[in-house]
Amino acid sequence: MYQPPLIDLVAGSAALRRRQALARLLAHGLARMTVEGLANVPASGPVVLAVNHRDFLDGPLLFAFLKRPVAFLTKSEAYTPRAAPLLHTTGQIPLVRSRPDVAAVRAGLRVLRAGGVVGVFPEGARGDGLVRIAKPGVGYFALRTGATVVPVACHGTQSLKQRGVRRPEVAISIGAPLAFDRVPEGRRVRRADVLLATERVRGELAALVGATAPANESAVAA
């Protein structure tokens, strides 16, 4: 099955741009979309998007609206016969969540070291999206590659499953980028440092989610 080469995942391609444009059209058809903070994503260099996770469409929406290609670590269960071709042709990275997935980590590092964008859901699974916990992968990617980490808050994506007269409101807020010092190649990334970096990302992302939550969503969360 066709997968975009690494150069396309970093620099983009006509095929990926067409897929992004189609995804934007579909997104606007499904919801009343608001996207803020796109300028916070660096135009070049390695970037990790740290996104809160409410719905399976969180990743596709970021793929649609970002100006750069983004390869999300996507749970292997999502690679159904219907979805797998789309995930493969847009360069997403399958992730086995039941065990440490070395292949997925290596694939993410490969994209970042080439100067591309990798998307992760620090919470590890869908939920209320309030980012009470975070898995250490986001901290490891940041320290191993020196990638800029950009927190992204998604609101309203869980309502896309609801059928109603009006399209639901969905808001994406992209926060200020976080800088991390890269651990030199050949030197081990210490677990304590990974946990500190991960907690920093978690705290910034949770604060962004709270600060950008719609009034009705805040009431539910409280």
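Guide: Start with the outward side. The face of helix 2 turned away from its buried side carries the exposed residues Arg 18, Leu 22, Leu 25, Leu 26 and Gly 29. Buried means under 20% relative accessible area, exposed over 50%, and partly exposed in between (1.4 Å probe, protein chains only). This is a predicted model, where local features need pLDDT of at least 70, side-chain atom pairs count only at pLDDT 80 or more, and totals for chains, interfaces and linings use all residues. Residues are numbered from 1 along each chain as its sequence is written, and side-chain values use heavy atoms, with hydrogens and water left out.

Visitor: Which residues of helix 2 are buried?

Guide: They are Leu 16, Gln 20, Ala 23 and Ala 27. Seen down the axis of helix 2, these fall within an arc of 60°, so they line one face. The arc is taken from the directions from the helix axis to the C-beta atoms.

Visitor: What covers the buried residues of helix 2?

Guide: Contact means heavy atoms within 4.5 Å. The cover includes helix 1 (6–11), strand 1 (32–36), helix 3 (58–65) and helix 4 (84–89).

Visitor: Why is helix 3 described as largely enclosed?

Guide: Because 7 of its 8 residues are buried, the rest of the structure largely encloses helix 3. Among the buried ones are Asp 58, Leu 61 and Phe 65. The buried residues of helix 3 pack against elements including helix 2, strand 2 (47–51) and strand 7 (169–174).

Technical notes: Helices (H or I, at least four residues) and strands (E, at least two) are DSSP runs, numbered from the N terminus.
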